[in-house]
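Subject: Structure for you to look at, with notes

Dear colleague,

I am handing over the structure below and would be glad if you could read these notes beside it. They go through helix packing, the sheets and the ligand surroundings in turn.

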Amino acid sequence: MWWKSLSCRLLVRFLNHGVVASSKPLPGRNAAAAAQVRSSARGYYNTGRAAEPGPGSAAHVRVVDLRSDTVTKPGPAMRRAMAEAEVGDDVMGEDPTVNELQKMTADLFGMEAALFVPSGTMGNLIAVMVHCRERGDEMIVGDRCHIHIYEQGSSAQLAGVHSTTVTTLPDGTFDLDQLESKIRHGYPDPHYPRSRLICLENTHNIQGGRVLPLPFLKEVRALADQHGLSVHMDGARVMNAAVAQGVPPSTILQHTHTVSACLSKGLGTPVGSMLAGPKDFIARAIRCRKALGGGMRQSGILAAAGKLALQDMVERLVEDHHNAKTFAQALLDCQSPLFSVDMAAVETNILRFRLPDPRLGPHEFCARMAQVGEGEEAALGQGIQVLMFPYFENSVRAVWHHGISAEDTQLAIQKMQFVASQHLKEKVRAQ
Ligand SMILES: Cc1ncc(COP(=O)(O)O)c(C=O)c1O
């Protein structure tokens, strides 16, 4: 079984960004990259295209896109698998490739059944709809989780489900006493909603790709069982968690009732997420998916990419984790008061580091990383545009993925060092 060999090898190896304002006008070819970071019109993920080197500079400019692991593009093998996929009408349950992907996922996750859905957002919403079936049911979520912050309140907007929050701790966990205190005991007294669901996020996106410890999961599940609640995991990056912990995903997911896991992030497919859980949950999920417009027809073309991703793309996540750590270590090695990074918190492919010096805050830093600065080509031998996002609490978020090699990471390091040294020179000149 591929997973076993993976585990063995692993044992051995191993935006709130608003508008980015550059204080300086950006000359010519820098404009595209800087605009890239600046034009976060949709807030969370910058939806602009990766910066193209301007005319006449193609040979000298390299772009390292660390905005998100959603920017990945399918490679030739994945495209071939998609082109050759056997398909059928999946709304009728007749697409053999989708059926194979669902079976494969259920087995891998240790769940009874799985369902291919168009996105992680839809997977989470369906889970909420199935777990919380009565209008006014309530779920408990972390105050920094994706479901609460970045999914437009769809659980309230579309499912009629109320949320109560617990504080998300820096490692993505909650205080269990606080969690317990949020469980309502008033039902059926008409004043109160009824607690139904606890949502976890693993790895935790806003907290910088943190992996939820297995003992924490066990405790949350015990609490949920004690009070008759369900546990859903937003496992958009649960495969990163599994790789980081060196365990199969089923070891993590034994503590949850359901999970939504993205194929289109680090695993590199163009579209799709897997929702998994008990058979009766998935039977209801199929109904919700259809109501939400997520019933797809010959979606085997997309599922073929998912199958290949689960077979071939999991093992390589370790490279992303390694590259993220390499960059973080380079920030530390800079010994610059500009950067503050907690190495212990760099567990997977997402890195968050702080910029405590107000003279070079996250917005300015990201703008400078995205432009080719004066003297840069002479100093570095080429222009390097590194795309990252300014993030919460004076931090920057950078995400590694299969489009970023070890060499790209070294380029990003060179660029970061260049930006830091330029800033230092400006400081000295200003004194
Ligand atoms: C933790 C987490 N959950 C859910 C999602 C939503 O996934 P999708 O973009 O496929 O809707 C994301 C997307 O970035 C995410 O980071």
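A crossing is called left-handed if the near helix is turned anticlockwise from the far one by less than a right angle, and right-handed if it is turned clockwise. Helices (H or I, at least four residues) and strands (E, at least two) are DSSP runs, numbered from the N terminus. This is a predicted model, in which local features need pLDDT of at least 70 and side-chain atom pairs count only at pLDDT 80 or more, while totals for chains, interfaces and linings use all residues. Residues are numbered from 1 along each chain as its sequence is written.

Helix packing

Helix α4 (residues 96-109) packs against helix α13 (residues 300-313) at an angle of about 30°, and their axes are 8 Å apart; axes here are lines fitted to C-alpha atoms, for helices over the stretch in contact, and angles run from 0 to 180 degrees between N-to-C directions. The crossing of α4 with α13 is left-handed. On the α4 side the residues that meet α13 include Val 98, Leu 101, Met 104 and Leu 108, and among their counterparts in α13 are Ala 303, Ala 304 and Leu 310, where contact requires C-beta atoms, placed from the backbone, to lie within 7 Å. By class, this contact of α4 with α13 has 8 nonpolar, 4 polar and 2 charged residues (Ala, Val, Leu, Ile, Met, Phe, Trp, Tyr, Cys and Pro count as nonpolar, Asp, Glu, Lys and Arg as charged, and the others, Gly among them, as polar).

The axes of helix α15 (residues 362-370) and helix α17 (residues 406-430) come within 10 Å and cross at roughly 120°, and the two helices are therefore oblique to each other (angles under 35 degrees count as roughly parallel, over 145 as roughly antiparallel, 65 to 115 as roughly perpendicular and the rest as oblique). Their crossing is right-handed. Phe 365, Arg 368 and Met 369 of α15 make the contact with Lys 415, Met 416 and Val 419 of α17, which by class gives 4 nonpolar, no polar and 2 charged residues.

The sheets

An open sheet of 7 strands runs in the order β2-β8-β7-β6-β5-β3-β4 with mixed pairing, two strands being paired if DSSP finds at least two bridges between them. Its edge strands are β2 (113-117) and β4 (162-166), each of which pairs on one side only. Within this sheet, strand β3 (residues 137-142) and strand β5 (residues 194-201) run parallel and are joined by 4 bridges, with Ile 140 having Ile 198 in β5 as its bridge partner. Helix α12 (residues 279-291) packs on the sheet, where it touches β2, β7 (258-262) and β8 (273-277).

An open sheet of 3 strands has antiparallel pairing in the order β9-β12-β11. Its edges are β9 (350-354) and β11 (389-391), each with a single partner strand, so one side of each is left without a neighbour in the sheet. Antiparallel pairing links β9 with strand β12 (residues 395-399) over 5 bridges, and Phe 353 stands opposite Val 396 in β12. Helix α14 (residues 317-333) lies across β9 and β12, at about 15° to β9, whereas α15 lies across β11 and β12, at about 170° to β11.

The ligand

The residues surrounding the ligand include Ser 119, Thr 121, His 146, Glu 201, Asp 234 and Cys 262, a residue being near a molecule if its C-beta atom, placed from the backbone, lies within 6 Å of it. By class, this shell has 2 nonpolar, 7 polar and 2 charged residues.

Terms used
Two residues are in contact if their C-beta atoms, placed from the backbone, lie within 7 Å.
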